[in-house]
Amino acid sequence: MNWLLLLEQILNGFQLGLLLFLLAAGLTLVFGIMDMVNLAHGSLYMMGAYFCATFTGWTGSFLIGALLTLPAVFLLGVVVEVVALRTLYARDHLDQVMATFGLILFFNEATRLIWGPIGLVIPLPEFLNQTVEIIPGAPYPAFRLAIILVGFLIAGLLYVIVSRTKLGMLIRAGASNRDMIGALGINIRLLFTLVFGLGAALAGRAGLMAGPILSVEIGMGESILILTLVVIVIGGIGSIKGAFIAAILIGLIDTVGRSFLPEILDLVLPSQTAATAAPAISSMMIYLLMALVLAIKPQGLFPPKGVGR
Amino acid sequence: MLEVNAIDSFYGQSQVLFNMSLAVKDGEVVTLMGRNGMGKTTTIRSIMGLTPARHGSIRFRNKEITSHSPYRIARLGIGLVPEGRLISPNLSVEENLVATANAGPSGAGRWDLDAIWAMFPRLRERKSSMGNQISGGEQQMLAIARALMTNPELLLLDEATEGLAPLIRQEIWGCLRNLKEEGQSILVIDKNIQALTEIADRHYIIEKGSVVWEGTSRMLLKDQMVKRQYLGV
């Protein structure tokens with residue numbers, strides 16, 4: 001086995017996992033607290049990438065572009081919540097799915113009108129556009145390393161907000177008991193709007209970090225939305241901790257599995273069979289994991305306390 | 001302080017309150033009694049804005065609050081201790097108190113964590129326990145303490161001692177007695193006539209969504225007919 005490749009793939013796994021976590025955190029909060037299925041979360045991810053590409057083009061600096069993107073996606077999230085989603089909380093999940101699917105189409109078309117059908121490129125500054133030797137002989141792209149660091153940083157920040165601050169207490173209390181905190185003087189509508197904006201900003205953050213690696217294009221939010229849904233189902237809907245652990249798990253299994261499954265299968269199967277089966281199995285692996293988790297723990301790995309009781 | 005004037009309230013199509021009226025004056029402890037399903041909880045929910053009244057008016061401190069949303073009513077100075085307590089299971093005891101705390105309408109309320117710990121030493125001992133790990137009696141104390149932490153001018157208690165052990169009940173009544181001595185206005189629902197007549201100034205008995213009897217504790221204790229007919233005692 002190639003240890004350097006393994007190390008690189010593990011880092012790639014963390015990087016994908018942390019991107020997924022940024023998306024999953026917002027989605028799981030919105031789902032857990034507001035009982036709202038928001039398929040358009042991937043669109044906010046896409047908007048993050050497009051905003052960042054545009055702002056970077058205007059200012060000539062990726063860092064400033066990235067900084068401007070956060071409040072912009074936050075505001076966009078607030079507008080979407082106030083204009084569209086607020087009316088959907090009381091409706092059933094099917095209505096929410098249809099309406100937010102409509103939002104996906106809206107965002108894709110709007111993006112086509114504004115930015116054109118061809119994707120954009122986010123140019124990276126010099127210091128991020130190089131490789132770093134994590135250990136001697138193992139170069140790794142600096143930007144991917146930065147994604148990992150920033151991802152952990154945001155995860156830590158989110159943990160502190162949710163577990164230590166009054167906002168976090170209200171988010172958790174809101175998940176278990178919406179009406180009651182309203183009757184104790186909390187403006188739930190405002191709280192929901194804030195939480196949604198926060199979730200949007202996190203999704204935008206993920207989008208702007210994925211932009212330079214993948215490509216900034218229409219529909220980029222849809223494929224990652226599926227993975228994100230898998231993450232929150234495995235983690236337990238409404239649980240930030242669950243989302244974090246499941247996101248890392250999915251990132252690692254998907255990335256490491258794809259590169260090492262052929263070798264592993266080669267040990268037990270004839271090489272011809274292994275070569276054809278490996279790609280199929282590796283792309284199924286995370287769904288197999290989801291099925292397994294759901295069979296053993298139908299509420300996910302970390303169901304938030306007080307839910308389903 | 002609180003005037004409920006001829007309200008009608010509905011759950012969907014079915015009307016629960018008919019021309020319901022009651023009043024609580026400054027510093028008064030008033031009770032709402034009656035059998036199950038007569039509209040006691042609905043009255044509380046209508047005052048709080050959770051089940052808004054369709055007709056009639058509710059005024060608090062001379063402000064019309066009939067169609068206000070619950071959080072605005074709460075901020076005007078009404079603290080709710082709901083039926084079933086509704087403690088957040090995923091928050092610790094201390095977090096349950098702090099999450100929704102505020103200094104009250106005057107901005108200078110007397111309730112903070114220290115005052116709560118002094119009144120409920122048991123809660124202090126359990127302050128790091130999660131809301132679902134404490135006993136029913138402790139949950140009820142926590143629900144009262146949580147409402148006090150919003151520094152309300154009027155406390156609404158829906159089922160003050162239901163389902164609690166006798167010793168815990170004593171403790172809850174003792175705490176309400178202390179609150180009354182401090183001048184706290186309270187509207188309380190409970191079935192324990194003995195304890196209620198000792199603490200409260202006035203009583204309303206409600207039957208099928210309207211008030212059928214009102215009077216002082218002495219009048220209630222004397223009136224055997226009322227007790228038999230409406231309270232099943």
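In which helix of chain A does A:A25 lie? A:A25 lies in helix α1 of chain A, residues 3–34; helices (H or I, at least four residues) and strands (E, at least two) are DSSP runs, numbered from the N terminus. This is a predicted model, in which local features need pLDDT of at least 70 and side-chain atom pairs count only at pLDDT 80 or more, while totals for chains, interfaces and linings use all residues. Residues are numbered from 1 along each chain as its sequence is written, and chains are lettered from A and ligands numbered from 1 in the order in which they are written.

A:A25 counts as buried because it has 27 C-beta neighbours inside 10 Å. The cut-offs are 20 or more other C-beta atoms within 10 Å for buried, 12 or fewer for exposed, and partly exposed in between, with C-beta atoms placed from the backbone. Leaving aside residues up to four places away in sequence, A:A25 touches A:L158, A:G199, A:L202, A:I240 and A:A243; contact is defined as C-beta atoms, placed from the backbone, within 7 Å.

In chain B, strand β7 covers residues 154–157. B:L154 and B:L156 point one way from this strand, B:L155 and B:L157 the other way, and all are buried. Four bridges join β7(B) to strand β6 (residues 78–81) of chain B, and the two run parallel; strands pair if DSSP finds at least two bridges between them. Here B:G79 stands opposite B:L155.

Four bridges also join β7(B) to strand β8 (residues 185–189) of chain B, again parallel. B:L157 stands opposite B:V188 in β8(B). The chain passes from β7(B) through helix α7 (residues 166–181) to β8(B) in a right-handed β-α-β crossover, that is, with the strands pointing away from the viewer, the path from the first strand over the helix to the second runs clockwise.

Definitions and conventions
Contact = placed C-beta atoms within 7 Å.
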